Amino acid sequence: MSAPPKTVLVATPDEEASIRAAVRRAEGRLVAGPDHVGGLLALLSDPRVSDPIYDLPRPITIESVALWVAESEALRQEGRCILAVSLDEAGKVSGYSRFSIWPERASGELAGARRADLQNSGAGRQGVAHSISWMFEALGLRLIGLTAALDNVRSAKAIDGAGFLRMGEVESVKPDGTTRRSAYWELTRTQWERLHRL
Ligand SMILES: CC(C)(COP(=O)(O)OP(=O)(O)OC[C@H]1O[C@@H](n2cnc3c(N)ncnc32)[C@H](O)[C@@H]1OP(=O)(O)O)[C@@H](O)C(=O)NCCC(=O)NCCS
């Protein structure tokens with residue numbers, strides 16, 4: 001399951017409350033709801049989309065996806081998660097992002113994927129950069145930790161490109177309890193602000 005960053009920050013009570021409120025607002029994101037379950041099932045049924053992602057519900061069925069959407073929404077009400085979708089011009093689900101938030105640590109994690117026909121366009125790299133900015137600016141986080149499968153070259157390039165620092169490897173735990181070795185990165189808001197003011 002999604003794991004908090006290795007580095008442990010402690011949020012002030014005000015900071016924690018403000019992060020929880022921002023997660024509940026999820027301003028600027030299309031939060032996944034029951035109407036998106038069919039579209040998410042179609043998206044995630046493609047192994048080119050779902051295979052590299054360790055924290056998806058498996059097997060991927062209409063029931064498991066519906067439960068995942070409902071559980072993510074319950075966590076959003078606690079200020080801990082945002083499952084967001086993107087739609088194509090025809091209104092079909094063409095990608096998703098799942099933000100895991102630890103408000104008491106002012107920290108978060110991000111997972112996501114784009115439909116196969118939209119991969120390798122350079123937009124994934126831009127999407128990662130945009131989501132990172134949003135997590136620091138709109139949610140008010142101070143630290144983001146990210147993981148990727150050791151052979152996920154595209155993710156690694158997008159994460160390195162966004163300015164994240166490699167901090168070794170971690171054992172990611174899948175929902176069924178088995179593990180996957182992952183490359184691990186962190187970026188603080190201060191580091192990110194420095195990168196963008198240069
Ligand atoms: C990961 C993902 C969001 C990236 O989006 P994308 O649009 O495919 O990626 P981009 O076209 O922006 O490419 C990212 C980088 O990888 C590079 N790249 C792409 N294919 C490559 C390959 N076969 N070998 C080496 N580099 C490659 C690109 O040149 C780019 O590098 P740059 O930033 O230095 O220009 C998308 O591929 C995806 O949804 N994959 C499936 C799910 C997944 O892996 N999710 C992430 C889990 S951590």
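Which residues have the most contacts inside the largest nonpolar core? They are I19, L40, Y96, M135, L141, I144 and I159, in a core of 49 residues. The legends below belong to close-up views of a predicted model.

**View 1. The surroundings of L40, one of the residues with the most contacts inside the largest nonpolar core.** The neighbours of L40 within four places in sequence are left aside here. Beyond them, L40 is in contact with A32, V65, V69, V85, V93 and Y96. Y96 is also listed among the core residues with the most contacts.

**View 2. The six-stranded open sheet.** From one side to the other, the strands follow the order β1-β2-β3-β4-β6-β5. Their pairing is mixed. At the edges are β1 and β5, the latter covering residues 165–173, and each of these two pairs on one side only. From one strand to the next, the twist averages 25 degrees. As background, strands of a sheet pair through backbone hydrogen bonds, in either a parallel or an antiparallel way. The next views show examples of both.

View 3. Strand β1 spans residues 81–87, and β2 spans residues 93–102. The two run antiparallel and are joined by seven bridges. C81 stands opposite S100 of β2. Five residues lie between the strands of this hairpin, and G91 has a positive phi near 85 degrees. Is β1 largely enclosed or largely open? Five of its seven residues are buried, so β1 is largely enclosed by the rest of the structure.

**View 4. The parallel pair β3 and β4.** Strands β3 and β4 run parallel, with two bridges between them. G108 has I144 in β4 as its bridge partner. I144 is also one of the residues with the most contacts inside the largest nonpolar core. Strand β4, residues 143–149, is mostly covered, since six of its seven residues are buried.

**View 5. The antiparallel pair β5 and β6.** Seven bridges connect β5 with strand β6, which covers residues 179–188. The two strands pair in the antiparallel sense. One example is E169, whose bridge partner in β6 is A183.

**View 6. The shell around the ligand.** There are 21 residues around the ligand, and P52, A113, Q119, G124 and R125 come nearest. Which elements each supply at least two residues of this shell? They are β3 (107–114), α5 (123–137) and α6 (153–161). Helix α6 gives the largest share, six residues. Sorted by class, the shell has nine nonpolar, eight polar and four charged residues.

View 7. Most residues other than glycine have a negative phi, and most peptide bonds are trans. A106 is not a glycine, yet has a positive phi of about 50 degrees. N120, also a residue other than glycine, has a positive phi near 65 degrees. A106 lies in the loop between β2 and β3, whereas N120 is found in the loop between β3 and α5. Is N120 buried or exposed? N120 counts as exposed because it has 10 C-beta neighbours inside 10 Å, and the limit for an exposed residue is 12 or fewer. The cis peptide bond runs from R58 to P59, with omega near 0 degrees. P59 is in the loop between α3 (47–50) and α4 (62–77).

**View 8. The contacts of A106.** A106 counts as buried because it has 22 C-beta neighbours inside 10 Å, and a residue with 20 or more is buried. Not counting residues up to four places away in sequence, A106 touches L9, A11, E15, I19, L141, R142 and L143. Of these, I19 and L141 are also listed among the core residues with the most contacts. Q77 is 29 residues from A106 along the chain, and their C-alpha atoms are separated by 17 Å.

**View 9. H130 in helix α5.** H130 has its place in helix α5. With 14 other C-beta atoms within 10 Å, H130 is partly exposed. From H130 to A162, the distance is 9.3 Å, C-alpha to C-alpha, and the two are 32 residues apart in sequence.

How values were computed:
Residues numbered from 1 in each chain as written. Predicted model: local features only at pLDDT ≥ 70, side-chain atom pairs only at ≥ 80, totals over all residues. Near = placed C-beta within 6 Å. Helix = DSSP H or I, 4+ residues; strand = E, 2+ residues; numbered from the N terminus. Nonpolar A, V, L, I, M, F, W, Y, C, P; charged D, E, K, R; others polar. Pairing = 2+ DSSP bridges. Core = buried A, V, L, I, M, F, W, Y, C linked by C-beta atoms within 7 Å. Contact = placed C-beta atoms within 7 Å. Axes fitted to C-alpha atoms, helices over the stretch in contact; angles between N-to-C directions.
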